[in-house]
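Me: I would like to go through the labels attached to this model and see what each one rests on.

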Amino acid sequence: MAITNINNTNNAQQETPFMAEAVYAVEKMGEDHTEEKQYQIKNLLDQLFPLTKGSHQDVTNYLLDYHHLVVFFKDGGCSGLRNPGKFVAFTGHRSSPDTILLKDNSGSHVEVIFGQSEAGKNTLSAIDDIQMETCTTFTQDFSLAAMRHWISLLKRDGKSQPKAHQEDKEYTAKNGDDYQLACCFSI
């Protein structure tokens, strides 16, 4: 069963399907299935944040060029996101970000955390974790407030459950400004 998000700019067009099965497929794998998890997590990125050409499966490097996320492949080719506006922020250096922050059609953030890769090597990019934002809303003194939680798709807690946590996060926006996500915020 696919859960579909509607693009806010054009309600008649269904742009990006969010595959609940893809998330479940990653979560149900044991910790010893590293290669299979990489495949599933990159498949999820292909579903949520497709490239103009190619697949996240074949990416050797993610980098930032001005306000755009650019990916490179083993054959030397490059691509960007089909919808470049979904890239919003990063941490680390523009030529080798530690994380990239993407925003889906519903406005939820997805943080891609990269693993260590050897500079100059033509190897596939390793993803250390993907954290998805979930929000709980509640009414407080006649105003609507929310609490932001992060769910890890690859990291597990002590009970082998997906790791969930709540924290403030700071990034550099694609235009160079600060981009902060507080764990508690007003709507």
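**Labels and their grounds**

Reply: In this predicted model, Asp-168 sits in the loop that runs between β11 (162-165) and β12 (169-173).

Me: Why is Asp-168 called exposed?

Reply: The label requires over 50% relative accessible area. Asp-168 has 52% relative accessibility, so Asp-168 counts as exposed. Asp-168 also belongs to a negative surface patch, together with Glu-167, Glu-170, Asp-177 and Asp-178.

Me: What makes the contact of Lys-169 and Glu-111 a salt bridge?

Reply: The cut-off is a side-chain nitrogen of Lys or Arg within 4 Å of a carboxyl oxygen of Asp or Glu. For Lys-169 and Glu-111 the N to O distance is 2.5 Å, so the pair meets the rule. Lys-169 is in strand β12 and Glu-111 in strand β8, so the bridge ties together parts 58 residues apart in sequence.

Me: How do you know that Lys-169 and Glu-111 are buried?

Reply: Buried means under 20% relative accessible area. Lys-169 has 7% and Glu-111 has 6%, so both count as buried.

Me: Which other pair forms a salt bridge, and what does that pair tie together?

Reply: Arg-148 bridges to Glu-133, with the closest N and O atoms 2.3 Å apart. Arg-148 lies in strand β10 and Glu-133 in strand β9, so the pair joins parts 15 residues apart in sequence. Both Arg-148 and Glu-133 are buried. The count by this rule is two salt bridges.

Me: Which residues touch the most other members of the largest nonpolar core?

Reply: They are Ile-100, Leu-102 and Ile-130, in a core of 25 residues. The largest share of this core, four residues, comes from α2.

Definitions and conventions
Residues numbered from 1 in each chain as written. Predicted model: local features only at pLDDT ≥ 70, side-chain atom pairs only at ≥ 80, totals over all residues. Heavy atoms only, no water. Patch = residues over 30% accessible without salt bridge, like charges linked within 9 Å, V, L, I, M, F, W, Y side chains within 5 Å. Areas by Shrake-Rupley, 256 points an atom, 1.4 Å probe, with all protein chains shown as cover. Lys, Arg positive; Asp, Glu negative; His and termini not counted. Charge placed at Lys NZ, Arg CZ, Asp CG, Glu CD. Helix = DSSP H or I, 4+ residues; strand = E, 2+ residues; numbered from the N terminus. Buried < 20%, exposed > 50% of the residue type's maximum accessible area, 1.4 Å probe, protein only. Core = buried A, V, L, I, M, F, W, Y, C linked by side-chain atoms within 4.5 Å.
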